[in-house]
Amino acid sequence: MVPSFSLPNLGRCALTFSTGELAQQANGSVVASFADTVVMVTACMSKEPKDMRGFLPLTIEYQEKTYAIGKIPGGFIKREGRPKDREILSARLIDRPLRPLFPKGLTREIQVIAMVLSSDGKNDPDVLAINGASCALFISDIPFENPVGAVRVAKVDNSLIINPTYDERAGSPLDLVVVGTEDGIVMLEGVCDQTPEEEVLKAIDFAQSSIKEIVHFQKRIKEKVGRQKQEVELFKIQEEVFSVVRDKVSGSLQQLYGMVEKKEREEALQRILSSLCEELISKNPTADVGQNDQITEEEIKNIVFTLEEEFVRKKILEEGKRPDGRSLEEIRPIECKVRVLPRTHGSAIFSRGQTQALAITTLGTSADEQFIEALEGEKSKHFMLHYTFPPFSVGEIKPLRGPSRREIGHGALAEKSLLSIVPPKEEFPYTIRVVSEILESNGSSSMATACAASLSLMDTGVPVKEPVAGIAIGLITGTNDYKVLTDIAGAEDAYGDMDFKIAGTKNGITALQLDTKIDGLTTQIIKEALARGRKAHAVILEKMNKALSLPREAVSQYAPKIKSFKIDPDKIGNVIGPGGRIIRKLTREYNVTIDIDDEQGSVSVVAESQEDLERAVNQIVNLTKDIEVGEIYDAKVTRLANFGAFCEILPGKIGLVHISEICDEFVKDVRQFLQEGDMVKVKVLSIDPQGRINLSIKQVHREEPDQRS
């Protein structure tokens, strides 16, 4: 019998783990279920170590197959291809809480694969996959001893709930993934609707009891089916080599961190490394070291970076001094510029220290929306933010390929930061794309992107609710003390214990992302970090407001002109015409694009000029009106006959001006008064039971000017 374990009442459903039936050749395998959503997670470890010192060779893969919802993939090739953005983001969501919990120095390759086998279209499998991955690793023989629990928190009817459905999340002002160990929080990921910090803290506290239940649940499972952990040799730096390198660089580090500029420090550090390698390897491989010790260039680099980390952490903890000389709460110098590119629809540059983001906004039509096939159903996006990280931003040379996982993740975070302040499509009928080009990077480029994108949107004329600022908060922990750092730079991110990105407006948080390198954070540290974030936002927003405080009143002259409005769905046929004849005529005559939603009765008209836009809109509105007896219309003479003139009063609506209704005098020949193509004003005299429209020109001339339409 297959061992199966259930944790009831986690939200509205039970969390179930089973093991021992599927994928038994993996080191660890778990099938995790929540309602009818099922994810299989496997964990494997290589038999030999990989030469990757200083970095855990962990790979996380997450796959969503369309068979999980009973569908065949769309497109020409009927199989899944490279990972979608959604799958990459879910893989990162699994990776980030697990990575810091492996033993330091582990050099065996580890791969975790999460496969969505079934989806009920209601419950998101990503959080389920985090729990499944933790359990698969924990009950395996892989050295992973600290399981995590993950839940999603939303607010429905003013009450917090665990693991909401897709529909409940859509209507919630808060959508937060919280992951923790038994001792504290290790990861947060969330999007909010300008939510106050106090509400976010309540959501985190609310999640912790469920997290502990999931952790204890995994421990009970391990007691019954867990495998004995392998004894794996961990990489450790040779003590003698470490002492030699320490003696030679300890004095240089003090001098190194008198240099404020990142590039200057990096160049000085490279000189130190080159000198050490030359002295300890090139000239005498065993100089000052035991004869049996072998020193490599990679080992020297690891030792220097370890010493640098110790130095930076000690300076901050004991002296409150940061590598670039700032105080713990000080933000790097900020510079903001808007309308920096002449022909784009909107642009802005946001610089904070040596991190610089150029954000460009482009407006498009509904045809430019991104169509997404997802487990919860098909949907489209009218707002997109794409983040790029070219190698020159950090002074490196690399080939330019497609977007990396990091670029996709940072872009998604910045996009979440702005979601709640971007107007809905009904209010602003454009598709919006923002591209952030990172021109310089020294920490927190995703939050610089949020700031630059906010300015760029306002520069474009997008009526955002509020400008958004972003900041990254760091942490250095000691034995009995810790220091929270505002606006962390690259070295503090690399050598610190926390990277807490917080985006928000003056009213509250719009998005947050927390990653840690320790076993867990207390609520007190998170509370202090959120308070620091609020203070930093106020400073940054003040700087941004000096560049541009409100959205521009009109969109760029180079942007398409769009107008959206509603018509009676029963009158859509009047606009389209037989075989699409009328809509094609409107498109051709007014040089516009017309998009009609048959079900909603919404019409979107796109034009190059405002004049063409208004003319087309007026015609569409007239087409949906009922022709009324006694009304006066502008008409075009389309055909002449001996007995009168046929006139088009609206596209597809033809009436007859009888020869006796052309003018008050006797008319012998219609052609003496009218020619085909003439524009005239006509009055509707009558509409007979067959729908034939009788018109008059002469009666228009009898009307007073103020009575004419």
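Where is the place of Arg339? Select it and you land in the loop between β11 (334-338) and β12 (346-352). Keep in mind throughout that this is a predicted model. Check the backbone here: Arg339 has a positive phi of about 50°, although it is not a glycine. For context, most residues other than glycine have a negative phi. At 46% relative accessibility, Arg339 counts as partly exposed.

Next, select Asn158, which sits in the loop between β7 (149-156) and β8 (159-162). Asn158 is not a glycine either, and its phi is positive at about 65°. Buried or exposed? Asn158 is exposed, with a relative accessible area of 67%.

Now for the sheet. Colour its six strands and read across: the order is β1-β2-β3-β4-β6-β5, the sheet is open and the pairing is mixed. The edges belong to β1 (4-10) and β5 (58-64); each has a single partner strand, so one side of each is left without a neighbour in the sheet. From one strand to the next, the twist averages 15°.

Zoom in on β5 and β6 (residues 108-118), which pair in the parallel sense over seven bridges.

Time for the cysteines. A search of the whole structure finds zero disulfides. Take Cys44: the nearest cysteine sulfur belongs to Cys135 and is 15 Å away. Cys44 is partly exposed, at 32% relative accessible area, whereas Cys277 is buried, at 11%.

Last stop: show helix α13 (residues 581-590) and helix α14 (residues 610-623). Their axes come within 10 Å and cross at roughly 160°. Angles over 145 degrees count as roughly antiparallel, and therefore α13 and α14 are roughly antiparallel to each other. Their crossing is right-handed. Which residues make the contact? From α13, display Ile582, Leu586 and Tyr590; from α14, display Asp612, Arg615, Ala616, Gln619, Ile620 and Leu623.

Technical notes. Residues numbered from 1 in each chain as written. Predicted model: local features only at pLDDT ≥ 70, side-chain atom pairs only at ≥ 80, totals over all residues. Heavy atoms only, no water. Pairing = 2+ DSSP bridges. Helix = DSSP H or I, 4+ residues; strand = E, 2+ residues; numbered from the N terminus. Axes fitted to C-alpha atoms, helices over the stretch in contact; angles between N-to-C directions. Disulfide = S-S within 2.5 Å. Buried < 20%, exposed > 50% of the residue type's maximum accessible area, 1.4 Å probe, protein only. Parallel < 35°, antiparallel > 145°, perpendicular 65-115°, else oblique. Left-handed = near helix turned anticlockwise from the far one by under 90°. Contact = heavy atoms within 4.5 Å.
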